[in-house]
Amino acid sequence: GLIAICAFVAPQTDVRSRCRDAIGAARFITVHLAAPLAACRAGRTADGRPPSAVYADAEAGRTTHVPGIDCVYEPPIDADLVLQSHELSAAECAAKIVALLRERGIIG
C-alpha cells in the first residue's frame, strides 16, 4: 500500500533500464520532465519556483556531470508520461501524475 515517487537524474537509456529492472517493470513508471535545455539554463518555471543553480554552476565550472552540458543526455523514448515542466506548474505536473496513477488503477 505504499507508493514512492522518486526523482532521479538518469540521462542515459541504460541507467533508466537498470532502474526499471531493479524495481520491476510492472511497478515502475517513467515520467519525463521535458523542459528544453534553454529553459533549464534560464531557470524558468511556470509558477515562479526558484530556479536551480546547477546549470549556471556547470557553465562556470563549479560542478560537472550535468546532462546536456558536459555529459550525454538521451531523452526517454518510452516514457509513460511526458510533462512540459517549463510550461506547467508543479501542481499541474503532480495532478497529471495522480491522473496516470488513477488511470492505471494504482490509486482509487
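**Close-up 1. Histidine 32 sits in strand 1, residues 31–33.** Strands here are DSSP runs of E with at least two residues, helices are runs of H or I with at least four, and both are numbered from the N terminus. This is a predicted model, where local features need pLDDT of at least 70, side-chain atom pairs count only at pLDDT 80 or more, and totals for chains, interfaces and linings use all residues. Residues are numbered from 1 along each chain as its sequence is written, and side-chain values use heavy atoms, with hydrogens and water left out. Histidine 32 has a relative accessible area of 12%, so it counts as buried (buried is under 20%, exposed over 50%, partly exposed in between, with a 1.4 Å probe and protein chains only). Leaving aside residues up to four places away in sequence, histidine 32 touches Tyr73, Pro75, Pro76, Ala79, Leu81, Val82 and Leu83; touching means heavy atoms within 4.5 Å.

**Close-up 2. Helix 4 has a buried face.** Cys93, Leu100 and Leu101 are buried in this helix. Looking down the axis of helix 4, the buried residues fall within an arc of 100°, so they line one face of the helix (the arc is that of the directions from the helix axis to the C-beta atoms). Strand 2 (81–83) is part of what covers the buried residues of helix 4. Over on the other side of helix 4, you'll find Ala91 and Glu103 exposed. Valine 98 also belongs to helix 4, which runs over residues 90–103, and valine 98 is partly exposed at 31% relative accessible area.

**Close-up 3. Arg20, Asp80 and Arg104 are linked in a network of salt bridges.** A salt bridge is a side-chain nitrogen of Lys or Arg within 4 Å of a carboxyl oxygen of Asp or Glu. Arginine 20 and aspartate 80 meet at 3.6 Å, N to O. That pair links distant parts of the chain, 60 residues apart: arginine 20 is in helix 1 (residues 13–23), and aspartate 80 is in the loop between helix 3 (54–59) and strand 2. Arginine 104 and aspartate 80 form a salt bridge too, at 3.0 Å, N to O. Here arginine 104 comes from the segment after helix 4, 24 residues from aspartate 80. Arginine 20 is buried at 19% relative accessible area, while arginine 104 is partly exposed at 40%.

**Close-up 4. Aspartate 57 forms a salt bridge with arginine 62.** Their closest N and O atoms are 2.9 Å apart. Aspartate 57 is partly exposed at 24% relative accessible area, whereas arginine 62 counts as exposed at 59%.
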